[in-house]
Amino acid sequence: MLVSPSQPSLQGTMRTPLRLCILWSAGLLILATTRVAAQNPPLYTKWINYTKASGFPAGEVFCVTVDGNRVWAGTEHGLVLLENGRVKKVLTPADGIAGRAVMSVAVDKRTGDVWVGTFGGLSRYSAGQFKNYTNLSSGLANDLVYGVAVQGKYVWVATAAGVSRLNTDTGDWSIFNEQNAPFNEPWSYAFAVSQKKVYVGLWGGGVLVYDIAHHYWRPYTDPDGSMEIVLYRNQGLIHDIVSGIAYNPETKMFWASTYFGLSGYDGRNWHNYLTKDSGLASNFINAVKSRGNDVWACTDKGLSYLDYKTNIWVTYRPDNWRDLDSARLEKNGRGEIVITKPDGKKSKVETPTSLAHNYILNMDFQGKDIWVATAQGLSHGISQPQKEEQLYESARNRR
Amino acid sequence: MKMRSKTRDLKVNRGGTLPSCMPLFALLLVTGFGLHRSLGVASTGPDQSSEGGSPRYLSPVALKLSPHGKRLYVVCEDSDLVLAVDTYTHRVIGRVKVGHKPEGIVVSPDGRTLYVSNEWSGTVSEIDTDSFQVRRTLQAGWGPVGITTGRTGKMLYVVNTLGNNVSLIDLSTGQEVKRLDAGHFPEYVALSRDGKRVYVSNLLARVERYDQPPVSQLTVIDTRRQVVTQRIAVPGVIQLRHITEVPARAGGYLLIPFLRPKNLNPLIQLQQGWYLTHGMAVIRPSGSSREGQQKFQVMEVLLDDIDHYYADGFGAASTPDGRWALVTASGANIVSIIDTAKLNRLLRRVPPEEPEALADRLDSARQFVVRRLRTGRNPTGVVVSPDGRSAYIANRMDDTVSVVDMNQLKIASTIDLGGPKGISAARFGAQLFFDASYCYEGQLACATCHPHGGFEDGLVWSLETPQLGRDVVENRTLLGIAGTSPFKWNGMNPNLATQDGPRAARYIFRSEGFNSMEVKDLETFIRSLRLPPNPHVTPNGHLTGGQARGRAIFFRTTTNAGSLIPPQERCYYCHAPLTHYTSRVQMNVGTAAQYDNIKKFDVPQLEGVYMRAPYLHNGKALTLEEIWTKFNPKDQHGITSDMNKVQLNDLIEFLKTL
């Protein structure tokens, strides 16, 4: 089906009149009857995907950042702005952005400026215009920018040669690397910011936490070194190759996604998760987000959700996710939700729409909705509380 | 101390007298029955205090009227004073000391408070208009100049010239809540008539490619969201100054004085005229975008005539009914009065697809300028009374205020603010500095290319060479240049007397120039110019960690590998600290361009280098970093190729402290 560039494709729903095939296992039934509705994990059954047909540039969507009703998506071929569900702008180097591949986006809530990490340097998008910071023209450590975050008047920039920090009031730059901080590896990937600390995920260097008031760094690395095994489950960070990091102000925990599992740290204990002992879709995780009791892991085999309190897992992915043939994926459009109970029992829900791809790179929240960056487009998961309640109610009635 | 009498043609009423139309009985009423009162606590006598043996001139630069127009508040930049003038008696009724180098002023919407920006203190003085005393001092950013409140008076917008941003200060707490980037060297500000927007104009153009015409910027801040919503490009011009918004019924546009230079053409063309033109940007709403955002159309019109120029537009104001707009020409001692209806008629003839159609037309002004009134020396700020009957113009160089009768469109009187009566050599030199009458057709004054009290205009110029594109050099600051001779990038001028005398006459002004006495006084003034306090220096004067490491790099004698750096290739060899970080010689550092006639250039002093972008003799390095990352490939400009990025950052942090 041809879709006009401004019209996102609502895969499945146009062809399937809200057909929901639900294969209830005993596990889901028990889940539904033992939890009140408010505590049920969210079940996103309605997805809208933004692909080339919707006006997106071809290629991967590396990151997504929600700013009110605006959604910024960093792609392999530029920065995309969606407003109210429509592609409003696609910004490329021809528009002034520092690089084609956009790896990260952070919005300064105070000024409204949008900071963009690209593989050609750092860009500030303000009032419709770009201002670029590169290794040659500024104090930026390196032009390969993976992550960016705003903390007060500072802009933190994760680069392939360490962490740079720009003081937007003075224009002064600081560089943190192995020369002045406990970096095992300067290749930095991602940030999370709390009121007092800045958390940095390092590719091969674990997690570094910067104390803003006292100006010191604290490293967290894998006690097993670079071994890809875990000797003791919760002994420390699960692996040094950290791809993403999140701080949850409600639980005061930080979460680190690695290419070998998921780690959470509550200030005293580590909480690690692998596919072999949890509902995590894959140990290869590109990013992590957390709010409330929710933890979201962006893996190469789908988007996994963890209810940290109950240890219930939910994974979203296209139902033909093992088939990487994009043509077939587009034709199908259906998805599956796999729910894993604390005892390991799994149940599955088929959905008429699904994520654009199972290779998940990033995600963000928009109220109860979620936005997911995938290898083949951006996906909008729309919260339908009544629908979810119907599913759980149906499960209780079946019992 | 040498003092001169005022021998030049200063034909103003210096008596501080009442307006001639004021009947005697009114005077009796005012003085005898106490309707007028002096502000109790503050001193009202003239300030003859001196600084370092020199008289302390007032130098009024900014004005504001109280809501009912009964009081005129005058900001005096050289005396750190704010004066209150009774607009009926024309007498100074109060004065209050504020911070160092006050530049901007705004009156709170209720009229009870003044806010004055102190550029060199980095603060804002909050003044109670009843007691005329400073109530509190608020911290702003670097070099605050322009200042305004929002419509409710709860938020203060302070334009930080050296910080390139705007501080938003919550007046309930007195604390800055955020800073918004406002382009390169922003100075002036205005609140829109509907209170929805704050406009910020930039003195200097964007730092972009040196071989392209300049582009200036008007920054638009949404007062509800408190974010920058637009950065409007104003092409081909620099030195956007004060902003006035003509009422909607008279056009609803912004008028902003500007300078439109042809700096990429050889300066020799000045003798044909049309080289430096002076006009105003007309920026008007042109509908809304699909997202509901206000769009603006930018047009440019000149205020010059074909055979005479009105240099250095500065202040701008419009009458409440929008019939008249006033723009001061600070280098010509003129205020131009514009009939906005005639201007509208002219603007309507501009094709929408050619908004710059009038930008170079010297035959435009005669169609809408209805009067050229001679003011005092160096007219700067201008305001119009709420009833529209009078306008007031601050004359910086003779400490007076010109009063314009807006009914008759003539200068009605001049208010003497009470500055020192004698003229020191430096003061006379300052008067010359701002005076464009020495230039052929009045095209420029010294201050034209050295705005902001002797700074630089951020442009590159093709000076003496008659060929297009040859020997293009960046303008250099006059601040803090005492002891840094020789001058010019080629180092050919051994002293200021040569620079300001025969050279200025022959190559710049294309006129007979200054006589020897005038040159001497001008030199005295230029030598007195100081750099502003450096915001990169910590309050206790100690270097930060990065600055200290950078200092060590500046003075290093070995490379990272331990090799000895030859003395002539060390930073401090050419940039000698004892002589203002210049060895005062010409050096070849490998920066000559294809069309430069010379390879060796004068070593510039480094003091204040943080504020002097762009860099190198032709301005091709847009940032300090680019001096070494792009334009030092063979280590001729110091050995830097062994340095890592952290070291280069540290070096730059140190240089910024100089």
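Axes are lines fitted to C-alpha atoms, for helices over the stretch in contact, and angles run from 0 to 180 degrees between N-to-C directions. Helices (H or I, at least four residues) and strands (E, at least two) are DSSP runs, numbered from the N terminus. The model is predicted: local features need pLDDT of at least 70, side-chain atom pairs count only at pLDDT 80 or more, and totals for chains, interfaces and linings use all residues. Residues are numbered from 1 along each chain as its sequence is written, while chains are lettered from A and ligands numbered from 1 in the order in which they are written.

**View 1. Helices H7 and H8 of chain B.** Helix H7 (residues 496-509) of chain B packs against H8(B) at an angle of about 135 degrees, with the axes 9 Å apart. That angle makes H7(B) oblique to H8(B); under 35 degrees counts as roughly parallel, over 145 as roughly antiparallel, 65 to 115 as roughly perpendicular and the rest as oblique. Residues in contact (C-beta atoms, placed from the backbone, within 7 Å) are Leu496(B), Ala497(B), Asp500(B) and Gly501(B) of H7(B), and Val519(B), Leu522(B), Glu523(B) and Ile526(B) of H8(B). They divide into five nonpolar, one polar and two charged. Ala, Val, Leu, Ile, Met, Phe, Trp, Tyr, Cys and Pro count as nonpolar, Asp, Glu, Lys and Arg as charged, and the others, Gly among them, as polar.

**View 2. Helices H4 and H8 of chain B.** Helix H4 (residues 425-433) of chain B and helix H8 (residues 516-528) of chain B pack at about 95 degrees, with their axes 7 Å apart. H4(B) and H8(B) are therefore roughly perpendicular to each other. Among the contact residues are Phe428(B) and Phe433(B) of H4(B), and Leu522(B) and Phe525(B) of H8(B). By class, this contact has eight nonpolar, three polar and three charged residues.

**View 3. A sheet in chain B.** Four strands of chain B form an open sheet in the order S16-S17-S18-S19, with antiparallel pairing; two strands pair if DSSP finds at least two bridges between them. Strand S16 (186-191) and strand S19 (227-235) stand at the edges with a single partner strand each, so one side of each is left without a neighbour in the sheet. The twist averages 25 degrees from one strand to the next. Five bridges join S17 (residues 197-202) to S18 (residues 215-222), and Ser201(B) stands opposite Leu218(B) in S18(B).

**View 4. Lys109 of chain A.** Lys109(A) is in the loop between strand S7 (102-107) and strand S8 (114-118) of chain A. Lys109(A) is exposed because 12 other C-beta atoms lie within 10 Å; 12 or fewer counts as exposed, 20 or more as buried and in between as partly exposed, with C-beta atoms placed from the backbone.

Notes. Two residues are in contact if their C-beta atoms, placed from the backbone, lie within 7 Å.
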